[in-house]
Protein chains: 2
Amino acid sequence: MLKAAAGTLGAASLARGAAAGNPDNLPPNPPEWSRSLGPGVIEEAYGTPSRHEAHVLRRYVPWLTQDRQSSVSFTPLAEMHGIITPSGLHFERHHGGVPEVDPADWRLMIHGLVERPLLFTLEDLKRLPSVSRIHFIECPANGGMEWRGAQMSGVQYTHGMLSCSEWTGVPLKLLLAQTGLRPNASWLLAEGGDASLMTRSLPIAKALDDIIVAYGQNGEAVRPQQGYPVRLVVPGWEGNVWVKWLRRIEVGDRPWYHREETRHYTDLMPDGRARKFTFVNEVNSVITFPCPEKPLNGRPGFVEIAGLAWSGAGRIARVDVSVDGGDTWRTAQLQEPVLDKALTRFRIPWEWREGERAFLQSRAMDETGRVQPTITALRRARGVESIYHRNAIHTWLVEPDGTVVNVQIDD
Amino acid sequence: MLKAAAGTLGAASLARGAAAGNPDNLPPNPPEWSRSLGPGVIEEAYGTPSRHEAHVLRRYVPWLTQDRQSSVSFTPLAEMHGIITPSGLHFERHHGGVPEVDPADWRLMIHGLVERPLLFTLEDLKRLPSVSRIHFIECPANGGMEWRGAQMSGVQYTHGMLSCSEWTGVPLKLLLAQTGLRPNASWLLAEGGDASLMTRSLPIAKALDDIIVAYGQNGEAVRPQQGYPVRLVVPGWEGNVWVKWLRRIEVGDRPWYHREETRHYTDLMPDGRARKFTFVNEVNSVITFPCPEKPLNGRPGFVEIAGLAWSGAGRIARVDVSVDGGDTWRTAQLQEPVLDKALTRFRIPWEWREGERAFLQSRAMDETGRVQPTITALRRARGVESIYHRNAIHTWLVEPDGTVVNVQIDD
């Protein structure tokens with residue numbers, strides 16, 4: 001297909017290419033930026049992106065954000081490559097603003113149904129056996145504004161409460177082995193040190209499986225907006241249980257039914273009842289190119305459709321892509337390595353003809369056999385009153401002129 | 001071992017822990033940072049580390065740096081977790097400063113022994129099939145100041161011309177398939193757009209294998225210091241051939257013997273001859289905790305020795321660690337996934353007794369069977385006149401008081 005598309009790749013012969021851009025800078029001329037010495041090493045204290053990338057930022061939605069201390073900002077997924085989210089663009093969800101934690105005074109208290117209540121300093125944690133894992137984190141409200149229909153303007157807002165980092169820290173099970181669990185220990189409470197004292201109940205079984213008490217994010221210290229100096233990493237589970245600015249873990253024998261697991265973060269069902277403790281982020285995917293922020297305007301020809309897939313239940317097994325709204329599907333290529341509970345990049349070639357209208361969809365399946373539902377099927381099961389855990393197949397409409405629009409298709 | 005070390009873990013009972021730090025902030029008191037709302041979402045345009053991490057920076061060595069436009073800055077490896085290097089801390093090596101490239105005027109010219117010379121815009125490249133790979137990059141002069149003896153003060157300077165990123169871009173072989181190679185094409189010249197017009201010759205076979213024309217680094221655009229908007233990624237090969245600010249690839253039938261592959265980046269041997277085109281970064285490793293910047297002062301007990309291993313020839317197969325200067329070795333645990341030509345984190349538990357002197361070493365082996373040599377063996381083969389490709393087993397001396405010093409041991 002690439003070979004067939006060669007004529008429309010856009011790469012120009014030397015003569016044609018030289019006609020665009022500032023002629024002084026184009027080959028074979030040495031461009032102006034090569035005619036003088038640029039800045040040397042570490043002119044900046046800490047490196048930042050090119051000024052030409054200044055538009056690549058987290059953004060918030062004003063009508064969602066009455067108060068920025070309890071709100072969300074979205075990762076610019078349309079501008080992302082690969083699977084790692086740069087920490088400076090990691091989505092934010094705060095319940096009481098970002099606390100300014102002094103690491104020297106920071107302590108983690110573990111108490112409750114344990115043999116030996118303990119306090120850990122940051123240095124204590126860094127001495128202990130550690131692990132590093134690449135995992136996505138997703139707010140369960142990701143896509144939550146789209147239950148009743150398509151309303152968000154682009155992928156940054158339909159899916160941008162989603163990021164992926166390499167996290168490093170101590171397995172929580174090691175800390176619990178130090179404190180010793182009493183026989184009836186079955187739940188724990190994790191409490192954050194922010195102004196909301198954000199608290200969530202978690203089953204001990206998950207702590208004994210893969211929860212990490214993390215101090216590292218993408219190679220350096222966890223960023224303030226992600227919980228500096230220490231947060232929980234709860235692989236595959238909804239972001240609000242990855243408690244930030246972690247200060248206390250209490251061990252008990254039942255859930256605490258705190259505000260953030262009763263009033264919020266429950267799934268209102270069509271019969272008026274609410275599902276509680278729906279921790280797992282179900283299998284999901286979205287196409288990030290093309291998308292509303294990255295249209296095809298004026299450029300027919302070869303396109304590599306690319307996107308992200310993820311599942312809180314395990315590895316992504318397959319992603320199918322449709323350009324006709326789900327009538328026909330082709331299986332995309334997955335970027336190796338495909339990691340457990342990590343973002344997975346998928347890609348598939350396509351030839352777009354100018355004037356062609358196309359409905360782009362992706363449908364992910366994970367290693368447990370879970371498959372993304374259509375929005376119609378999801379509404380049938382869950383109604384439209386919920387805010388959380390909307391993992392429906394997403395549709396981008398490519399208009400004849402190459403514009404890309406967020407739409408929903410009944411099926 | 002962890003269980004045995006429990007008594008010396010440092011974690012304190014609630015009563016003892018409360019004695020350290022500012023008592024007002026320690027459990028069970030709510031710390032001062034939880035008593036008022038912190039800043040909300042995206043107060044900053046682009047996220048930055050905590051102000052408590054302001055000491056974690058690239059640094060240069062003044063006596064190495066007469067001129068910052070042609071110099072190097074080092075990654076703070078002692079502060080790094082996992083394998084990803086945050087782009088803001090990626091080591092730098094510039095030959096003529098950092099050019100300010102306008103991406104709208106940027107072009108990649110491919111010409112020479114090709115059927116169809118072509119110019120590519122950045123948008124052209126982004127339409128094409130892409131790959132993402134996690135690879136280390138290392139300057140072959142890494143450790144080059146230590147041929148005659150230990151002289152650098154810490155791991156940032158002995159090994160910090162080393163970073164690892166997720167790189168995204170177009171396989172160079174796809175671009176060469178577009179231009180078409182003439183039958184006698186066997187080498188290529190890559191030229192950068194900086195003031196030095198940095199140029200290196202590379203065999204076509206490597207381009208047809210795994211070279212990437214990269215526009216993405218750790219999820220976002222390649223940073224200016226790493227070649228914005230486009231650089232070569234040449235997996236496993238010395239950093240200077242990963243040409244930054246790439247502007248031109250010429251295809252030929254022999255190497256060009258440019259300045260940076262004759263005057264520089266050759267290996268002076270004991271007989272006065274120089275090896276040329278020694279591209280591969282040989283298998284190497286270093287312990288990053290403990291190290292001179294992260295000593296054990298005043299904290300006997302359990303320590304997780306941790307470090308990084310890497311090989312330009314493939315995957316790391318094994319890392320052995322010694323605490324007695326190489327008399328006895330234990331095999332460390334490798335953090336999965338172990339990726340091809342990527343940094344690999346190794347870890348092994350140790351119990352340090354105060355007053356104990358220890359000589360810490362790590363010895364990596366890769367999947368091809370290459371093993372790190374001792375410094376004595378390397379000097380025997382290569383002499384001491386070289387600057388490049390020093391991959392000897394490295395030694396940290398832990399003094400009885402827990403201070404850590406860079407030393408070399410004859411063997």
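This is a predicted model: local features need pLDDT of at least 70, side-chain atom pairs count only at pLDDT 80 or more; totals for chains, interfaces and linings use all residues.
Two copies of a chain are related by a rotation about an axis and a shift along it.

How do the two chains meet? On one side of the interface are 104 residues of chain B, and these are in contact with 106 residues of chain A. Sorted by class, the side of chain B that touches chain A is made of 50 nonpolar, 36 polar and 18 charged residues. Of the interface residues of chain B, 100% are also interface residues in chain A, so the copies meet through the same surface.

Now let us look at chain A by itself. Its secondary structure comprises six helices and 24 strands. The radius of gyration of chain A is 24 Å, close to the 22 Å that the globule rule gives for 411 residues, so chain A is as compact as a globular protein of that length. Of the 411 residues in chain A, 52% count as buried; to be counted, a residue needs 20 or more other C-beta atoms within 10 Å of its own. The contacts also tell you how the chain folds back on itself: among those in chain A between residues at least 6 apart in sequence, 71% join residues at least 24 apart.

Next, the domains. Chain A is divided into domain 1, residues 87-275, and domain 2, residues 284-407. The centres of these two domains of chain A, taken over C-alpha atoms, are separated by 28 Å. Where they touch, 27 residues of domain 1 of chain A are in contact with 24 residues of domain 2 of chain A.

Which elements of chain A give two or more residues to the domain 1 side of this contact with domain 2? They are β6 (131-138), α3 (155-159) and β14 (267-268) of chain A. The largest share of that side comes from α3(A), with four residues. By class, the side of domain 1 of chain A that touches domain 2 of chain A has 15 nonpolar, nine polar and three charged residues.

Terms used:
Residues are numbered from 1 along each chain as its sequence is written. Chains are lettered from A and ligands numbered from 1 in the order in which they are written. Two residues are in contact if their C-beta atoms, placed from the backbone, lie within 7 Å. Ala, Val, Leu, Ile, Met, Phe, Trp, Tyr, Cys and Pro count as nonpolar, Asp, Glu, Lys and Arg as charged, and the others, Gly among them, as polar. The radius of gyration is taken over C-alpha atoms; the globule rule is 2.2 Å times the number of residues to the power 0.38. A residue is buried if 20 or more other C-beta atoms lie within 10 Å of its own, exposed if 12 or fewer, and partly exposed in between; C-beta atoms are placed from the backbone. Domain bounds come from an automatic or database domain assignment.
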